[in-house]
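Please look at the chain below and follow its strands one at a time.

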Amino acid sequence: MAAQQPLYLKNIWYLAMYGGNLKKGKLLSKEILGEKIVFGRDKTGKPFAMKDNCPHRGVPLSYGWFDGDHIQCCYHGWKFDTDGICREIPALAPDSSINVCKIRTQSYPCREINKTIWIYFPEKKSAFEPKVQPPDLLLNAPENFRHVETVILPCNIDHSVIGLIDPAHVTFVHQSWFWRSSKSLRIKEKKFEPTPMGFKMSRHKPSSNSKGYKVLNGHTSTEINFEIPGNRIEHISVGEKNKIISITTLTPLNENETELNQFFYSSLNIVNFIWWPLKKLGKTFIGQDLDVFNKLKEGLQKNPKLLLVGDPDTQARWYYDLKKQWQQAQEDNTPFTNRLNPQILHWVT
Ligand code: FES
Ligand SMILES: [Fe+2]
C-alpha cells in the first residue's frame with residue numbers, strides 16, 4: 001500500500017506575506033509549515049528568511065537586533081549574516097582558533113515579486129538552490145498593486161485549497177439562497193486545461209447571475225488559474241484595455257491553520273468608481289468563507305470520512321492528484337510533469 005501522503009509539499013514556494021508588511025531593518029517572526037521563521041529586509045531592501053532559533057541555545061533570533069546587515073542574538077550576542085552564517089561570537093577570545101563561519105542557522109530562499117514575498121521550503125535542509133522558480137503572477141507592467149486582504153482559516157491546507165476551488169458552495173455561502181429563487185440557478189459549462197503546475201479555467205464571459213462581476217457592468221471576461229501548493233490567479237478583463245487581477249494564496253501556518261491572502265492588482269485608475277464596491281465585495285466574500293470554515297472546523301474534529309462527488313468536486317480531486325504526482329517526482333528526483341488532461345466540467349450554481 002502506498003505510504004500516507006504528507007500534508008505539506010516541499011521543494012516548492014509558498015507565499016510568505018505582503019511585501020509592505022516587512023519594513024527595512026525590522027525583523028518579523030512567522031510560523032509557516034509548522035516552522036518558526038524570522039523574516040527581515042536588509043539595507044538594500046532585499047528580503048531574507050531563516051529559522052527563528054539561534055543555533056547556540058535556541059533563543060528566537062527575532063528577539064535580537066538587526067542593523068540591516070546582521071542579526072545579533074539577544075542572549076550571547078552571536079551575529080549572523082542574512083544567509084544565516086555566523087560571523088561573530090563576541091565571547092570568544094581574539095586568538096581563538098574556532099572558525100565561526102562553520103556555524104549556521106537554516107536559511108530559506110526568499111524572493112519578492114510585485115509586492116508579494118515568497119519562501120521556498122526544501123525537502124532536504126541542506127539544499128539551498130530552489131529546484132523551481134517562484135510562481136509567475138501573470139502580471140503586466142501597467143497592472144499595479146491595489147489592495148490585500150488577509151485572514152486565517154481554521155483548517156489545514158488541503159481543506160483550505162479545496163474550499164477555494166469549490167464552485168458548489170457559492171450558491172449557499174456567497175449568495176443568500178432564500179432570496180435567490182431556483183430560477184436564478186444556471187447550468188454552467190467550463191473548459192479546463194492543464195498548466196505546468198495546475199489547471200486553468202479557460203477565458204469565458206462570467207455568468208449573468210454572478211454578483212461579483214455585476215459590479216463591473218458587462219464587457220468582462222475572466223480566466224482562472226490554479227496551481228499547487230495553493231495559488232489561484234484570476235484575470236478579469238474589463239472592456240478592451242483594462243484588467244483586474246485577483247491573486248489568492250494559501251499558506252499553511254501549521255496543521256490547523258492556513259493563511260489566506262487576496263491581492264488585487266489593476267490597470268484601472270484607483271479613483272475609478274468601481275474600485276470601492278469591488279473591495280467591499282472581496283471583503284464580504286472572504287468573511288462568508290471564514291464563517292463557513294469555522295463551522296467546518298467543528299465538523300472535522302472527529303475526522304469523519306468525506307466524499308468528493310461528480311463534476312463540482314473534480315477540481316478537488318485534481319488537487320489531490322497533483323499533490324501525489326508532485327510528491328512522487330520529489331521522491332524519484334525527477335522533474336514534475338502534470339498528467340491532467342483537458343476537460344469540460346458541468347455544474348449548477
Ligand atoms: S542563544 Fe543565541 S547567542 Fe546564545
Ligand atoms: Fe468562497
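Which residue in strand 4 stands opposite Val-38? The residue opposite Val-38 is Met-50. This is a predicted model, in which local features need pLDDT of at least 70, side-chain atom pairs count only at pLDDT 80 or more, and totals for chains, interfaces and linings use all residues. Residues are numbered from 1 along each chain as its sequence is written, while chains are lettered from A and ligands numbered from 1 in the order in which they are written.

Four strands form an open sheet in the order 2-3-4-9, with antiparallel pairing. At its edges stand strand 2 (27–32) and strand 9 (107–108), each with a single partner strand, so one side of each has no neighbour in the sheet. Strands (E, at least two residues) and helices (H or I, at least four) are DSSP runs, numbered from the N terminus. Two strands count as paired if DSSP finds at least two bridges between them.

Now take strand 3, residues 35–41, which pairs with strand 2 in the antiparallel sense over six bridges. Lys-36 in strand 3 is the bridge partner of Glu-31, and Ile-37 is that of Lys-30. The hairpin of these strands has two residues between them, and Leu-33 takes a positive phi near 50° there.

Strand 3 also pairs with strand 4 (residues 47–51), in the antiparallel sense over five bridges. Their hairpin has five residues between the strands, and in it Gly-45 takes a positive phi near 95°.

Why is strand 3 largely enclosed by the rest of the structure? Strand 3 is largely enclosed because five of its seven residues are buried. A residue is buried if 20 or more other C-beta atoms, placed from the backbone, lie within 10 Å of its own.

Technical notes: Buried ≥ 20, exposed ≤ 12 C-beta atoms within 10 Å, placed from the backbone.
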